[in-house]
Amino acid sequence: MKKIGITETVLRDANQSQIATRLRREEFAGILDTMDKAGYASIECWGGATFDSCLRYLDEDPWDRLRFIRQHIPNTRLQMLLRGQNILGYSHYSDDTVRAFVRKSVENGIDVIRIFDALNDIENIRTAVDETLKCGAEAQGAICYTISPIHTFDMYVELAKKYEALGCQSICIKDMAGIMSPQVAYDLVSALKKELKVPVVVHTHATTGLGSMTLLKAAEAGADGIDTAISIFSGGTAQPPTESMVYTLQEMGYDTGVDLKVCKEINDFFKPVEKKYLDEGRLNPSVLTTKIDALNYQIPGGMLSNLIANLTSLNALDRLDDVLLETPKVREDLGYPPLVTPMSQMVGAQAVANVITGKRYASVSKEVKAYLRGQYGTPPGKINPDLRKQVLGDEPEHVGRWDDEIEPEIPKAKAYLGDLAQSEEDVLSYVAFPAQAEAFLRRRKNTGTFEAEYSFAKEE
Ligand code: CO
């Protein structure tokens, strides 16, 4: 029987894509023990935006949240998403910080770290992969899938081979925008299965309506794993539904290992949670329906809604068409970066600025400047030399690896926090998100332990 693993995303990507990562610990605590019995290959539950959201919005210690999940899910592999040298933030950190963050993630319960870089620059995942291997966890190298004149089929296959050679024990094709077609998935997975020894996993989003078909064709081509979300939090901007994929694959003779009876319990548990978010207006029904714009414009749905929000706040929504025409031009100037965090924000903001000021690159963010200097790594294509000259003047090209010049952040943070930090994890929270973590640590100090407030004693 053909085997295929299912990674459940309700706690991380589906939570992030549908309800802006607002799921609180007490809203899912009661179902963790059941989730452990479902037979998932892994449960994606940490990393991505969950860390930021815990500190910024939920008043939760992200590390404590992870330990709690581990305690209630002792058997199933726990998975996180890591942005390589950006860890869970939006700029580059020193190698020391990356290593400490990876080590603490594994120590606190993570089994699989899916590591990606927004530019698919292997140098930006090297340190995180190396440390993951040293800690005995699985390093899954993720390649961002995008469509551009330079992103050829062969480019993805070559990159996957390099990731495997680096030591990655599995490879993920990460289609953050939901624009990978079923046929491309079939062809790409077929090629990867031929070229690689390690398992191949496919991650997509249902946004454009292609998701389930794409995963099915990936399975037919021999994918070893797919990402899905329990049905009540599936579809739209999230992943295709777990139960429907399992049902379909079982009928076709695949062994997913997943028990649909347990899935029903999990889904029943989350039904009132979804209803509450809908009733309170915190789950916008528009994220649940099919949006074909990402296919038409080849930009992710989240980026499109950001562009609309930015233009609305500038009273310039009538310029949306101009911005949508400008976006691919900015992308070309920048060497075709995949549109994923933080590149999607940088490209989008630049396109808006170019249109609104009426003068291209008259205003350039410090992030785009840093990008042009090479501080984010090597772009997939060539940066427009005229643009570099316009923004950076005659500044000579930097020699060597920028990240080697970043001063270690941890000693300074430790000294600054003093007794506010009670663990290395606290220090890492501060290094990743200084303002949010400091506010959190101060509240914790003033009000006693947060653990008492969020403890969940029901299920032991
Ligand atoms: Co995703």
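Biologist: Which protein donors does the cobalt ion have?
Modeller: The cobalt ion takes D13 (OD), H203 (NE2) and H205 (NE2) as its protein donors, lying 2.1 Å from it. Bear in mind that this is a predicted model.

Biologist: What spacing do the donors follow along the chain?
Modeller: The pattern is D-x189-H-x1-H.

Biologist: And the two histidines, H203 and H205, buried or exposed?
Modeller: H203 is buried, and H205 is buried as well.

Biologist: Where does H203 sit in the fold, then?
Modeller: H203 belongs to strand β8, residues 200-203. Both faces of β8 are covered. V200 and V202 are buried on one side, V201 and H203 on the other.

Biologist: Why would neighbours in a strand end up on opposite sides?
Modeller: Because side chains in a regular strand alternate between the two faces of the sheet.

Biologist: Zoom out. What kind of barrel do the strands make, and how many are in it?
Modeller: A closed barrel of 8 strands, with parallel pairing. The order is β2-β3-β4-β5-β6-β7-β8-β9. From one strand to the next, the twist averages 30°.

Biologist: How many bridges join β5 to β6?
Modeller: 5 bridges, between β5 (residues 112-116) and β6 (residues 138-144), and the two strands run parallel.

Biologist: Which strands does helix α5 touch?
Modeller: Helix α5, residues 62-72, packs on the sheet and touches β3 (42-47) and β4 (78-82). Its direction makes about 165° with that of β3.

Biologist: And α8, what does it lie across?
Modeller: Helix α8 (residues 153-166) lies across β6 and β7 (170-174). It runs at about 160° to β6.

Biologist: Back to α5. How many of its residues are buried?
Modeller: 9 of the 11, so α5 is largely enclosed by the rest of the structure. Among the buried ones are W63, L66, F68 and I69, but also D64, R65, R70 and H72.

Biologist: What happens at the start of α5?
Modeller: D61 makes a polar contact there. One of its side-chain oxygens reaches to within 2.9 Å of the backbone nitrogen of W63.

Biologist: Is E27 buried or exposed?
Modeller: E27 is buried, because its relative accessibility is 9% and the cut-off for buried is under 20%.

Biologist: What is E27 in contact with, leaving aside neighbours within four places in sequence?
Modeller: R22, F269, F270, V273, K276, Y277 and R282.

Biologist: New topic. What domains is the protein divided into?
Modeller: Domain 1 covers 2-279, domain 2 covers 288-403 and domain 3 covers 408-447. The C-alpha centres of domain 2 and domain 3 lie 33 Å apart.

Biologist: Where is A351 found?
Modeller: A351 is in helix α16, residues 343-357. A351 is buried, with a relative accessible area of 0%.

Biologist: What does A351 contact, apart from neighbours within four places in sequence?
Modeller: V323, E326, T327 and V330. A351 and V330 are 21 residues apart in sequence, and their C-alpha atoms are 6.3 Å apart in space.

Biologist: What about N315, where is it and what is its phi?
Modeller: N315 is in the loop between α14 (301-313) and α15. Its phi is near 60°, a positive value, and N315 is not a glycine.

Biologist: N315, buried or exposed?
Modeller: N315 is exposed, at 74% relative accessibility.

Biologist: Why do these spots deserve a second look at all?
Modeller: Because most residues other than glycine have a negative phi, and most peptide bonds are trans.

Technical notes: Residues are numbered from 1 along each chain as its sequence is written. This is a predicted model: local features need pLDDT of at least 70, side-chain atom pairs count only at pLDDT 80 or more; totals for chains, interfaces and linings use all residues. Side-chain values use heavy atoms; hydrogens and water are left out. Donors are N, O and S atoms within 2.8 Å of the metal (3.2 Å for Na, K and Ca); water is not among the atoms, so sites may look incomplete. Buried means under 20% relative accessible area, exposed over 50%, partly exposed in between (1.4 Å probe, protein chains only). Domain bounds come from an automatic or database domain assignment. Contact means heavy atoms within 4.5 Å. Two strands pair if DSSP finds at least two bridges between them. Helices (H or I, at least four residues) and strands (E, at least two) are DSSP runs, numbered from the N terminus. Axes are lines fitted to C-alpha atoms, for helices over the stretch in contact, and angles run from 0 to 180 degrees between N-to-C directions. A polar contact is a pair of N or O atoms within 3.5 Å; within protein, one must be able to donate a hydrogen and the other to accept it, and residues adjacent in sequence count only if both atoms are side-chain atoms.
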